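Good morning, and thank you for making time for this presentation. Please turn to the sequence and the structure, which I shall now put on the screen.

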Amino acid sequence: QVQLVESGGGLVQAGGSLRLSCAASGAFFSLNAMGWYRQPPGKQRELVAVTTSGASTNYADSVKGRFTISRDNARNTVDLQMNSLKPEDAGVYYCYAQVLSILKKEYDFWGQGTPVTVSS
């Protein structure tokens with residue numbers, strides 16, 4: 001089993017910054033993609049940013065230029081630096097990892113979610 005533990009959410013004023021962190025632990029062969037999704041109130045979960053083990057990244061258009069995803073493969077962590085936050089960035093942010101198991105099968109895992117509130 002793999003656990004993803006998130007930290008760093010909270011309340012911030014519009015224009016402010018937050019940094020989310022996620023650490024993966026458990027028994028697995030490797031981590032493929034890691035990233036962040038969010039679920040705004042009353043809406044579906046959506047991609048925010050994702051990075052592969054080869055360090056390529058993909059961002060939602062709405063966060064490009066404001067958010068930066070970074071990954072530490074040695075520590076199995078992925079961070080999301082969020083700058084110039086807007087009220088529409090609010091929601092529950094979920095850490096995501098695509099795990100390659102010891103038996104070389106791929107599985108998707110999710111963190112428990114951390115709330116981000118942006119006041120206008």
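This is a predicted model: local features need pLDDT of at least 70, side-chain atom pairs count only at pLDDT 80 or more; totals for chains, interfaces and linings use all residues.

Is Arg19 buried, exposed or partly exposed? Arg19 counts as partly exposed, because its relative accessibility is 40%. For this term, buried means under 20% relative accessible area, exposed means over 50%, and partly exposed lies in between, with a 1.4 Å probe and protein chains only.

Residues are numbered from 1 along each chain as its sequence is written, and side-chain values use heavy atoms, with hydrogens and water left out.

I turn to the strands. Helices (H or I, at least four residues) and strands (E, at least two) are DSSP runs numbered from the N terminus, and two strands pair if DSSP finds at least two bridges between them. Strand 3, residues 18-26, pairs with strand 1, residues 2-7, in the antiparallel sense over 6 bridges. Within that pairing, Ser7 has Ser21 of strand 3 as its bridge partner. Strand 3 also pairs with strand 8, residues 77-82, again antiparallel and over 6 bridges. Here Leu20 stands opposite Leu80 of strand 8.

Next, the charged side chains. Side chains of opposite charge can pair when their charged atoms come close. The criterion for a salt bridge is a side-chain nitrogen of Lys or Arg within 4 Å of a carboxyl oxygen of Asp or Glu. How many salt bridges does the structure hold? It holds 6.

One of them joins the side chains of Arg19 and Asp79, at 3.2 Å from N to O. Because Arg19 lies in strand 3 and Asp79 in strand 8, this pair ties together parts that are 60 residues apart in sequence. Asp79 is buried, since its relative accessible area is 16%.

A second case is Asp89, whose salt bridge with Arg38 has its closest N and O atoms 3.0 Å apart. Asp89 sits in the loop between strand 8 and strand 9, and Arg38 in strand 4, residues 30-39, so that distant parts of the chain, 51 residues apart, are linked. Both Asp89 and Arg38 are buried.

Asp89 also forms a salt bridge with Arg66, with the closest N and O atoms 2.7 Å apart. Arg66 belongs to the loop between strand 6 (57-59) and strand 7 (67-72), and Asp89 to the loop between strand 8 and strand 9, so this pair ties together parts 23 residues apart in sequence. Arg66 is buried, as is Asp89. A network of salt bridges links Arg38, Glu46, Arg66 and Asp89.

Where is the disulfide? A disulfide is a pair of cysteine sulfur atoms within 2.5 Å, and a search of the whole structure finds 1. Cys22 and Cys95 form it, with their sulfur atoms 2.0 Å apart. Since Cys22 lies in strand 3 and Cys95 in strand 9, the pair ties together parts that are 73 residues apart in sequence. The torsion about the S-S bond is about -85 degrees, so the disulfide is left-handed. Cys22 counts as buried at 2% relative accessibility, and Cys95 counts as buried at 0%.

Thank you for your attention.
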